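Welcome, and take a moment to look over the chain before reading on. The notes below walk through it piece by piece.

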Amino acid sequence: MKKTLTLYLFMLLAVPSQALAAWLEVTGQAQILESDKAARNNALEDAVYQAILYSGADASSFSHLRPYLSQERSEYQFSGNEVRNVSIVKAKKSGGNYYVTARIDIYPSANTCHKIQYKKAILISGFTLTSPQHAALGGIYQIGDDFSVMLQRQIERKSQSFVVSGITRVPFRIEQPNTLTMLAEDYDAQYLITGEITDLTSTVDEKLLQDDQYNRQFAVTLEVINGKTGEMLLQKNYREVAQWPFSRISQVDTKSARFWQSGYGQAVQRTSRNMMLDLETTLACRSSLPEVINVFNDKIQTNVGRIHGVKQGDQLLLWHNAAFIDQQGISRARMVQTEMTLTVERVYDKSSELSVDRADLAASIQPGDLLTKQITR
């Protein structure tokens with residue numbers, strides 16, 4: 001997918017936060033399938049999305065812009081958002097693709113959630129096929145596993161608030177709280193993701209003087225579960241339709257670049273991007289909860305590190321785990337904030353070592369206690 005960006009930056013000295021404003025001229029691309037309008041909308045969304053990521057603005061704001069970008073206009077103005085203005089410079093069709101070049105005015109904030117919190121860990125389950133017979137065209141029976149890998153790559157490369165702690169082949173559902181808790185602990189995951197691919201059916205567009213064209217569905221469900229409580233946090237359905245460019249009798253490798261660079265593969269990638277953005281919108285501002293995993297004298301080891309955004313010198317607040325069993329025998333989570341502050345001394349990829357500011361209270365710290373990053377403004 002070809003994109004061009006022209007970037008203009010200047011410092012707004014009159015703004016207390018020293019915000020960096022950016023004018024970006026971005027070209028987005030989308031395949032033409034259903035209509036020029038749909039292709040234009042996808043291309044414009046692609047341009048705005050690339051501009052948000054490039055400027056370091058809050059990706060979760062993109063979901064709020066999408067309904068307005070679907071309107072056919074030459075200019076879009078927004079208030080209460082880091083993206084202030086989107087102007088269409090030019091639009092054209094070429095080689096079955098639609099290209100939109102837009103000039104985008106962005107004012108990134110220094111206090112968005114992803115900039116003041118550590119990244120939260122996610123465990124992904126392999127996506128299953130509701131109806132395996134739908135995969136007969138092309139023999140794409142492994143698309144569920146390959147879509148899980150694509151979602152992992154999307155999060156690792158583009159997400160501002162999350163990291164992937166792993167992909168598990170152990171199936172899990174919200175009705176299995178013990179399995180959820182076990183997996184979350186094994187992978188140090190704050191959230192669990194699972195889902196099903198529900199529709200891969202195709203329709204034929206018959207041509208008189210040309211080969212028949214197949215248009216294929218890609219519909220998938222997403223469930224996001226809190227790994228500590230088993231609570232369902234997000235349920236959503238996604239659907240895309242795109243041209244299936246391969247022969248009716250060919251066997252298609254869904255791990256190949258040939259598949260992912262096709263119009264259908266790009267539609268599947270767009271679905272993984274939209275999932276990642278919905279995660280940002282829904283969960284980015286929830287607190288990341290590092291956990292104490294080991295205590296040795298006044299040295300504390302926690303399960304977050306460099307990949308989560310931990311830096312030497314960071315200060316964290318400690319919360320004691322005070323969970324209890326109520327009169328009905330139900331476990332109730334309860335956290336009590338302490339007066340202790342901990343400072344990061346050493347940082348590793350997935351863990352870090354902290355010192356306690358009050359050594360006389362260090363003996364009260366236990367594995368399982370939680371930490372929150374201290375916000376300094």
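What is the mean pLDDT of the chain, and what share of its residues reach 70 or more? The mean is 84, and 86% of the residues reach 70 or more; pLDDT is the predictor's confidence in each residue, from 0 to 100. This is a predicted model, in which local features need pLDDT of at least 70 and side-chain atom pairs count only at pLDDT 80 or more, while totals for chains, interfaces and linings use all residues. Residues are numbered from 1 along each chain as its sequence is written, and side-chain values use heavy atoms, with hydrogens and water left out.

**Confidence and overview**

Confidence is lowest in strand β1 (residues 5–11), at a mean of 36, and highest in strand β10 (residues 196–199), at 97. Over residues 1–21 the pLDDT is below 50, and this stretch has 46 contacts in the model beyond near neighbours in sequence; contact means heavy atoms within 4.5 Å. Where pLDDT is low, the predicted coordinates should not be read in detail.

The chain holds seven helices and 21 strands. Helices (H or I, at least four residues) and strands (E, at least two) are DSSP runs, numbered from the N terminus. Of the 377 residues in the chain, 48% are buried; buried means under 20% relative accessible area, exposed over 50%, and partly exposed in between (1.4 Å probe, protein chains only). Among the contacts with a separation of 6 or more, 64% are between residues 24 or more positions apart.

**Strands and their partners**

Strands of a sheet pair through backbone hydrogen bonds, either parallel or antiparallel. Here two strands count as paired if DSSP finds at least two bridges between them. Some of the pairs are set out here.

| Strands | Direction | Bridges |
|---|---|---|
| β3 (residues 75–77) and β4 (residues 83–94) | antiparallel | three bridges |
| β4 and β5 (residues 97–106) | antiparallel | ten bridges |
| β7 (residues 128–129) and β10 | parallel | two bridges |
| β10 and β12 (residues 213–226) | antiparallel | two bridges |
| β16 (residues 315–321) and β19 (residues 335–347) | antiparallel | six bridges |

Strand β4 takes part in two hairpins. The hairpin of β3 and β4 has five residues between the strands, and G80 takes a positive phi near 70° there. Q77 has N85 in β4 as its bridge partner. In the hairpin of β4 and β5, two residues lie between the strands, and G95 takes a positive phi near 60°. S87 stands opposite R103 in β5.

Strand β10 can be followed in two directions. The bridge partner of L129 in β10 is I197, while D199 stands opposite A219 in β12.

**Cores and a helix**

In soluble globular proteins, nonpolar side chains tend to be buried together. The largest nonpolar core has 61 residues, and those with the most contacts inside it include V48, F127, I193 and W244. A nonpolar core is a set of buried Ala, Val, Leu, Ile, Met, Phe, Trp, Tyr and Cys residues joined through side-chain atoms within 4.5 Å. Helix α7 (residues 263–283) gives the largest share of this core, eight residues. Another core, of 16 residues, lies apart from it, with L354, A362, I365 and L371 among them.

Helix α4 (residues 143–158) has 16 residues and reaches 21 Å from its first C-alpha to its last, close to the 22 Å expected at 1.5 Å a residue. That expected span is 1.5 Å times one less than the number of residues. The buried residues of α4 include I143, F147, M150, L151 and I155.

**Two loop residues**

S351 sits in the loop between β19 and β20 (352–356). S351 is buried, with a relative accessible area of 14%. Leaving aside neighbours within four places in sequence, S351 is in contact with Q301, T302, N303, V304 and G305.

R173 lies in the loop between β8 (162–168) and α5 (177–187). Is R173 buried or partly exposed? At 41% relative accessibility, R173 counts as partly exposed. Beyond neighbours within four places in sequence, R173 is in contact with L180, E196 and E223. R173 and I225 are 52 residues apart in sequence and 8.9 Å apart in space, C-alpha to C-alpha.
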